Amino acid sequence: MTVKRICLLGATGSIGKSTLDLIAQHPGHFELFSASANSDVEGMLKLIQEFQPAQVCMRDEAAGERLSEQLRQLGQTKTELFIGRQGLNALAAHPSVDMVVAGIVGIAGLVPVWSAVSTGKSVLLANKEALVCAGELFVEAARQSGARILPIDSEHNAIFQCLGSAYRCFTRPESVRRLLLTASGGPFREWSLDAIRAATPEQAVKHPNWVMGPKISVDSATMMNKALELIEAHWLFAMPAEEIEVVIHPQSIIHSMVEFKDGSTLAQLGAPDMRTPIAHAMAWPDRIDSCVESLNWSQLRELQFEVPDNRRFPSLEFARQALASGPVASICLNATNEVMVARFLRGDCSFGAIFDEVEEGLNRFSGRFPVPTGLDDVMAIDTEVRAFYAH
Ligand code: NDP
Ligand code: MG
């Protein structure tokens, strides 16, 4: 096995740390060539000292200046430092990089992921917002460059594993009848509508099964995460939304399933630990150790399944509505959600307001913009929606 050189976008986050753990476990197979963060100088300094990457980038300029000063004081000259948005693109497109792990949160990850896709890299995609917002354009860019997208979002990775050799990114597998996306149901699965609407940020980020960054944790609590994943699955596997079903499975042991035309259903199971899907995609088509614990079959008593409750959790319906009304709607859905989740986490709005405003946003913005024909159009729509909320 030749050493694969990795560009890790979002290296200081939850996906970033799981990826670093796997790189550290397999020094002969993977090398951290480059890494990015937004403002976490401490986290970046620590990984520079441990992994000695050739290049790093801080998105936030003030944080970049602070890191530059610290590297100078430490006499650390081996690592080249980039600062700002352009630096992220340079890292992702560098000719020495074999594989880009897309672990930035939100639409902030779109432009660097686009840069990786356009230069034909293998992209390990966690950043679902990029695909949600740029859908068809993303598919076209990957077709033109020959970039390979390997999903590491656990549900999509599970589907990728179930499909085996039938997986071709952005192509509908002929043998498939439907996809079954599993959802834990989040921390409020059994709560009443009134209690859900009044939930606090502390309650919302406490996911029952997974440890994740704050934005995706809130998305899991509103089930907007599953809504975004429905759109992600639609693009990744070229499946119509009606043939993608969401099943609540509170134990998070089955990570998703594929039902084939002949009536067989295959599932992928494992402990809820992101190192499994990331290890699968990093080594694909081989397998490597991940240090993820085995399932304990003597303690596993039951696997439950429920139908999602659209009244208490309307996000899935919003996603189906967005897919039906075209690409602008998905960008608006995502932008409104990002704005509202940030507000909620700051204590500026209630949990219930996220649902209200996302629904309102779909109606308010969707007819307002022409269909995007390039990345700049996507970013312009996102910027306009955010500007609406800035005052
Ligand atoms: P985290 O919040 O833990 O980490 C986000 C990373 O992105 C950090 O490195 C952060 O840097 C960086 N970042 C944040 N904002 C910006 C910005 N504006 N520009 C550049 N970099 C930025 O998120 P997660 O790791 O939880 O999630 C990352 C992505 O992966 C999301 O799209 C999520 O939906 C997806 N995902 C995550 C899973 C999980 O288990 N965590 C599971 C499946 C998918 P800094 O630390 O400096 O702020
Ligand atoms: Mg997921």
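Is His255 buried or exposed, and what is its relative accessible area? His255 is buried, with a relative accessible area of 6%. Buried means under 20% relative accessible area, exposed means over 50%, and partly exposed lies in between (1.4 Å probe, protein chains only).

This is a predicted model: local features need pLDDT of at least 70, side-chain atom pairs count only at pLDDT 80 or more, and totals for chains, interfaces and linings use all residues. Residues are numbered from 1 along each chain as its sequence is written, chains are lettered from A and ligands numbered from 1 in the order in which they are written, and side-chain values use heavy atoms, with hydrogens and water left out.

His255 sits in strand β10. Helices (H or I, at least four residues) and strands (E, at least two) are DSSP runs, numbered from the N terminus. Contact means heavy atoms within 4.5 Å. Leaving aside neighbours within four places in sequence, His255 is in contact with residues including Ser154, Glu155 and Ala158.

Just after α7, Gly164 takes a positive phi of about 55°.

**The magnesium ion**

Which protein residues are donors of the magnesium ion (ligand 2)? They are Asp153 (OD), Glu155 (OE) and Glu229 (OE), lying 2.1 to 2.2 Å from the ion. Donors are N, O and S atoms within 2.8 Å of the metal (3.2 Å for Na, K and Ca); water is not among the atoms, so sites may look incomplete. In sequence the donor residues are spaced D-x1-E-x73-E. Asp153 lies in the loop between β7 and α7 (154-163), and Glu229 in helix α11 (residues 224-236), so the pair ties together parts that are 76 residues apart in sequence. Asp153 and Glu229 are both buried.

**Ligand 1**

Around ligand 1 there are 25 residues, and the closest are Thr12, Asn38, Ser39, Asp40 and Glu129. A residue is near a molecule or strand if one of its heavy atoms lies within 4 Å of it. This shell divides into eleven nonpolar, nine polar and five charged residues. Ala, Val, Leu, Ile, Met, Phe, Trp, Tyr, Cys and Pro count as nonpolar, Asp, Glu, Lys and Arg as charged, and the others, Gly among them, as polar. Helices α1 (14-25), α6 (128-145) and α10 (214-222) each supply at least two residues of the shell.

| Residue | Polar atom of the residue | Distance to an oxygen atom of ligand 1 |
|---|---|---|
| Thr12 | side chain of Thr12 | 2.6 Å |
| Ile15 | backbone of Ile15 | 2.9 Å |
| Asp40 | backbone of Asp40 | 2.8 Å |

Taken alone, ligand 1 exposes 900 Å², and the protein buries 86% of that. Accessible areas come from the Shrake-Rupley method with a 1.4 Å probe; for residues, only the protein chains shown count as cover.

**Backbone angles**

Most residues other than glycine have a negative phi, and most peptide bonds are trans. Gln52 has a positive phi of about 50° although it is not a glycine. Gln52 belongs to the loop between α2 (41-51) and β3 (55-58). Gln52 is partly exposed, at 35% relative accessible area.

Phe170 also has a positive phi, near 65°. Its place is the loop between α7 and β8. Phe170 is buried, with a relative accessible area of 4%.

The peptide bond from Trp284 to Pro285 is cis, with omega near 5°. Pro285 is in the loop between α12 and α13 (315-325).

**A link across the sequence**

Ile107 lies in the loop between β5 (99-102) and α5 (110-118). Ile107 is buried, at 4% relative accessible area. Ile107 and Met379 are 272 residues apart in sequence, yet 8.5 Å apart in space, C-alpha to C-alpha. Not counting residues up to four places away in sequence, Ile107 touches Met379 and others, among them Glu129.

Conventions: Polar contact = N/O pair within 3.5 Å; in protein donor to acceptor, adjacent residues only side chain to side chain.
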